[in-house]
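Please consult the sequence and the structure while reading.

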Amino acid sequence: MAMPIFNYSKVKPLRQAKGLKQAEVAMELGISRPTYLLVEQGDKEPTITQLYTLARLLGVDAGELCSNLPALSLQKTDYAKFKELIAACAIQGADGGSITKTKLAILAYLADFTWYRLHAQPLSGMVYRRVTRGPVGDEFFRALDELYEEQSIAIEPHGAAMLIRTVEQHPTKLLSKAELDLIHNVCTKWRQESTEAIVFFALSQGLCKAAKPGDPIPYEAVLNQPEDVLY
């Protein structure tokens, strides 16, 4: 996938129109003011994560700052495949036969974004948003409701949390063997880790930091992540 071409000449006018100082923007991007000045002058390319943060600060779509950045709104979503992803993560990620809703949502997110990083396309294309407890797909709760109605899962209260328990394996028709292998690898790594640990990991990634609470997390932001820290 071609990396975006940064249109630096748009940044300064937009920043000034917003009444933002260079130091303020630099702090939000996690860089020094001199480094930010290089970005604004076109002498340094921002990372994908910094690009989306910068666009948010300037009040524009990230595509307005780049000449060839794919628009998030054009990303095709395959809900049926997303539902299979949730079902697979519920089985593979369960520790002792059950998994919290929060952990399940994040496992699906990690698998989707890791696949994008490795293959330049998402696994399901679902839109994931940053919320208080980590990323969650827009259709996550719909998928859970349908899996519950189909008796593929059971949902049980456990203190303040809700536990998901697999009752019957959901048929896998859309996920390839390579995709299932990746899901297995992601879930195996986190199976015995706590929900709090995976929440901390997800929220600490630059991907989440590039989005305001409630905003979509751009798949393109993962292109800047090293493969050894994807999940």
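H158 has A161, a residue of strand 5, as its bridge partner. This is a predicted model, in which local features need pLDDT of at least 70 and side-chain atom pairs count only at pLDDT 80 or more, while totals for chains, interfaces and linings use all residues. Residues are numbered from 1 along each chain as its sequence is written, and side-chain values use heavy atoms, with hydrogens and water left out.

**Sheet**
- Strand 4 and strand 5 (residues 161–166) run antiparallel and are joined by six bridges; strands are DSSP runs of E with at least two residues and helices are runs of H or I with at least four, numbered from the N terminus.
- Three strands form an open sheet in the order 1-5-4, with antiparallel pairing (two strands pair if DSSP finds at least two bridges between them).
- Strand 1 (98–100) and strand 4 (153–158) are the edges, each with a single partner strand, so one side of each has no neighbour in the sheet.
- From one strand to the next, the twist averages 30° (axes are lines fitted to C-alpha atoms, for helices over the stretch in contact, and angles run from 0 to 180 degrees between N-to-C directions).
- Helix 7 (residues 140–149) packs on the sheet and touches strand 4 and strand 5, contact meaning heavy atoms within 4.5 Å; the direction of helix 7 makes about 110° with that of strand 4.

**Helix 8**
- The buried residues of helix 8 include E179, L182 and W190 (buried means under 20% relative accessible area, with a 1.4 Å probe and protein chains only).
- Helix 5 (79–92), helix 6 (101–119) and helix 9 (195–204) are among the elements covering these buried residues.

Note on methods: Buried < 20%, exposed > 50% of the residue type's maximum accessible area, 1.4 Å probe, protein only.
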